[in-house]
Structures are given as structure tokens and as C-alpha cells.
Amino acid sequence: MNSDGWLQALAGELHRRGLDPDLSRHVVAEAATHLRDSGEPPLQVFGPPATYATAVAESVGAPQPGGGVGVARVAMPVRPPHTPGPVRLEVRGITKRYRRRPVLTSVDLTVRAGEIAAVVGANGAGKSTFLRICAGLLSPDAGRVRVHGTLGYCPQSGGTADFLYPEEHFVLVGAGRGLHRAEARAAGRAHAGALDWEPAGRTQARHLSGGTRQKLNLVMAALGEPDVLLLDEPYQGFDRGTYLDFWQQLWRWRADGRAIVVVTHLLNQLDRVDTVLDLTPAREMSA
Amino acid sequence: MTKIWTVAELALREVARRRGVLLILLVFPLAFYASRRDEHTGQSIRFVCLGLSWALSTAALFAGSAARGIEPRLRLSGYRAYHLHLGRLLALWTVGAVLSVPYFLLVRFDQDDVRYGAIALIMALTVATAVPFGLALSAILPRELEGTLVLLIVVGLQMVMDPADTAARALPFWFSREIGTYAIDHTDSGYLARGLVHGVTLTLALTALVAIASGIRLRQRRHLRFD
């Protein structure tokens, strides 16, 4: 099955499961982007359309076929009454233009310890640009970012060394964070275990599947327990189980007092985050 | 120092796993040597040094380009820019030293009546210069193709330009021809001194250029403040 056929089948399956049409379009667009960027066959990345549609429907809590109240949602842990921690990330007045086209205009965001902020918006709205500016990888035309503590960043893709094994990545990042080799390996394995991944073994990063490479990326970002985590669509290529594990892990980090910023397309997850930053330009929202 | 050694060790591991590249690196200067083996005695030595410089510069260019994706996040993980570029320099200098030993032995046992100490000096300076030259290209030119084309131009010019021409001194491996003349044609020590000064100066300048380019690319941007 080619990508177009697979995407069409996915759209049908999502519709059959009663998913909101806007959300369905987002999911199909996201899958299409991933398939185009990775060049991998859809069945290998996502599995059969019906299975993937079921996983998406369950994770976003869509009504099941035939109606009824059997809504399967990602089980969110019971959270004690929210007491905001100290401010960890302060973003003020970020403005960025590419040539003459404004991408971000006076964007503000405050994230406290123990909070998750979701950054949403259409393709090209500047979500990754915003995160790269927060990470200091890109300069804005105006505005400032203040980080109270240490920073971990997980890019949308790349960010790994093709010829190194996963545990060597842990050692490399761990050394920067001041961890000894054994500590870095143990911490990496622990974070990987939370994503249902066993990183031991001699598989070079270039031979990992897209989803597993993203797990590696995520573990690298979390090593050394940084105070602020910036995650740019880290779940690209994750299978259903890992996607659920990913959100569970996010909530654990939040409970541990981390400040997390995550770029996401899956809008029905937004009731499980503390702050939503929508970067969709106003003219598109009113259209 | 732990951070520099860790970067160096893992960069070495990366290079060691690129077996195809290593094989080409090893054979490439040999092809240069063999192509002039039957001509004038010294030409094969000059060419093998040129081949070595080209091979190492290319390896450094590609290693530097491959690291561009991971270095920004390493910078965020607690590394300073100098940890990263010094670690990579150390790794590639080690690769260069290991690669040049068999070629020195080849010259030592295949060529008569040359100053072997000067040949060793050329090879040491070639390794010292070629690595930061390749890394500097990767730091300045973001795409490998552009860097490779510049390398082709530089090495091509190095082959065709008259070393006596003043402009030839601007080329990074001019010292190789100058010290080569001293080693092969037994000229006076002025050739050795000029070559040595050129090689050392170029090595220092290119290493400084790598440090500056890496420092600028991996700098902490002004809009971001850590408390």
C-alpha cells in the first residue's frame, strides 16, 4: 500500500470512529508530513490504518463506532490540587520574521515548575521556530527568554549521531551534565524503560526505526533531569503503546516539578496540559 | 578535561565505524604515490603528502558536517563550544597520525637518498594542518558539497601552481612542497625553515578559525538568559 492509499484509508477509519473532522485532518496531515519526511513505508511506521486509527481514537478519547459511552482515554494519574511552583521559563515579546513574512509576533509564555505547556498551531505557524528560539538555537528579531535552571531540548528529528550506539549517546550527553559513565547509562536505561524501550545492544542510531530514534532523542533531552524540557513533537513515529507511555512520562515529569513545553497537533490532549499557546495566526482563526 | 576526552573518544568511535571511509582514506594517498612512482624520485613523495592532506581534509570536512546536528544540543547539555571542537580535533589528529605512519614507512623503505626526518615533519604538519582546514570548511560552509568543491579547488591549485610563485604561499599545504624540496633535492635549510614557519602558522591560524567559527555558531544567544 502506498502512502496516498494508506492516508486515504486512515482518513476513512478515523471518520468511522467518529473523530472530529478537524482533528482527523490534523492527524492525517501529521502522518503525511512524517511519511514524506522519513520516506519510510506507512505500514512499517504506523501499521495498518485501522489499527492506527483505533490507537488515535483511544488516545484522544473519541466516541467509539456505534456511539455509546465506551470512551477509552489515556489514563491520566490523579493529580493533587495544583500548586504552581516557581517560574522556570519566561518568554516575552518574541517576534520572528523570515524575510518579510512574520512568523511569530510578540509571543509570551510563562511556564512554572510542575506545569505542561502545549504549543499548537497549523503547519508553518512557527511552533518549531518558537521552541528553537526558547532553546537559544535561533535568534528572534525581538523579545527575550529567561530560563531559571537547566534546559533539555528534544528536536523534531535529527539530534543524534548516526554511528553511535544508544548507550554511547547517554554517555556523551551525561558527560556534559556531569554524570559519570555508569550513572549516565543507568539514567538513560531508566528513562528508556519508561517508554518501553530496551536500549542495550549494539545497534547504531542510523539503524534504529524512526520511532525508536525519537525515543533516544527524548531520553537524551531528559538526561541529567533538566528543570525545563522543550519537546518538539517528540512522538513522531511512536506506536500506540509508546504514545501512551510518552504522555504518562510527561505527567510523571510534571509531578516531579519539571516545566515542560511540548509542541503537539493532537488537540484533544489539551485538557491534560496546564497552558496552551496557540500560534495559529489570527487571520486563519477568523477564516 | 573529561568532556573533551569524551567527545574525542566518541568521535574516534564514529570514525572507526565508517569502515568504507577508512578504507578509502587509507588507499587514497597510495593511489597518488603509485601514480608517480616511476617518474622522478621525489614526485611520488610530494604526491603522497598531497594525497594525505586531501584525504584528511575531506574526512574532517565530513566529520564536522555530521556533527552539526548534535552539537547544538550538546551545547545545551552542558558542553562549551571549545569542549566540542577540541575533542573533535583530537580525534581527527589521532586518525591522521595513525594513517600517516604506513606512508612514512613506505617512503622510508621504498625511497633512497632522501631526508627521512624532513619527510616525517611534512607528514606531521600535514596532519596538523589538514584536520583544522577540513573542520574550518565545515564550520564556514554549511553544506558538504560546497566544502568538497572548495577542497577540490584548493588541492587542484596546489598541484598546478608553481611553488615559487608568491600566491602559492596562500595555499594551506605550500609547506609540503617547500620542505619536500629540502628533503628530496637536498637544498639548503632555508626551505625547511620557510616550510616549517608556514606549516606552524597555518596550523595555528586554522585551529583559531575553527575555534572562532565554532564559538560563533554555538554561542549563547543574547535573547536567552539562564538564572
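User: What makes the 48 residues of the largest nonpolar core a core?

Analyst: A nonpolar core is a set of buried nonpolar residues joined through side-chain atoms within 4.5 Å. The largest such set here has 48 residues, and those with the most contacts inside it include V48(B), L92(B), I119(B), F133(B) and L135(B). Seven helices of chain B, namely α2, α3, α5, α6, α7, α8 and α9, each supply at least two of its residues. The most come from α3(B), which gives 13.

User: Which residues does L135(B) touch, beyond those up to four places away in sequence?

Analyst: Contact requires heavy atoms within 4.5 Å. L135(B) touches A60(B), L61(B), G64(B), R88(B), L89(B), L92(B) and V210(B). Apart from the core of 48 residues lies another, of 43 residues, with L223(A), W247(A), I260(A) and L84(B) among them.

User: Why are β5 and β8 of chain A called edge strands?

Analyst: The open sheet runs in the order β5-β6-β7-β3-β8 (chain A), with parallel pairing. Both β5 (151-154) and β8 (275-278) have a single partner strand, so each has one side without a neighbour in the sheet. From one strand to the next, the twist averages 15 degrees.

User: What is the secondary structure of residues 47-66 and 196-216 of chain B?

Analyst: The unreviewed UniProt entry lists both stretches as "transmembrane region". Residues 47-66 of chain B are 100% helix, with end C-alpha atoms 28 Å apart. Residues 196-216 of chain B are also 100% helix, and there the end C-alpha atoms are 30 Å apart.

User: Where is confidence lowest and highest in chain A?

Analyst: The mean pLDDT of chain A is 81, and 85% of its residues reach 70 or more. Helix α10 (residues 282-286) of chain A is lowest, at a mean of 53, while strand β4 (residues 142-147) of chain A is highest, at 95. Over residues 62-78 of chain A the pLDDT is below 50, although this stretch has 35 contacts in the model beyond near neighbours in sequence. Where pLDDT is low, predicted coordinates should not be read in detail.

How values were computed: Residues numbered from 1 in each chain as written. Chains lettered and ligands numbered in written order. Predicted model: local features only at pLDDT ≥ 70, side-chain atom pairs only at ≥ 80, totals over all residues. Heavy atoms only, no water. Buried < 20%, exposed > 50% of the residue type's maximum accessible area, 1.4 Å probe, protein only. Helix = DSSP H or I, 4+ residues; strand = E, 2+ residues; numbered from the N terminus. UniProt positions renumbered as here; feature names shortened; annotations may be inferred. Pairing = 2+ DSSP bridges. Axes fitted to C-alpha atoms, helices over the stretch in contact; angles between N-to-C directions. pLDDT = per-residue confidence, 0-100.
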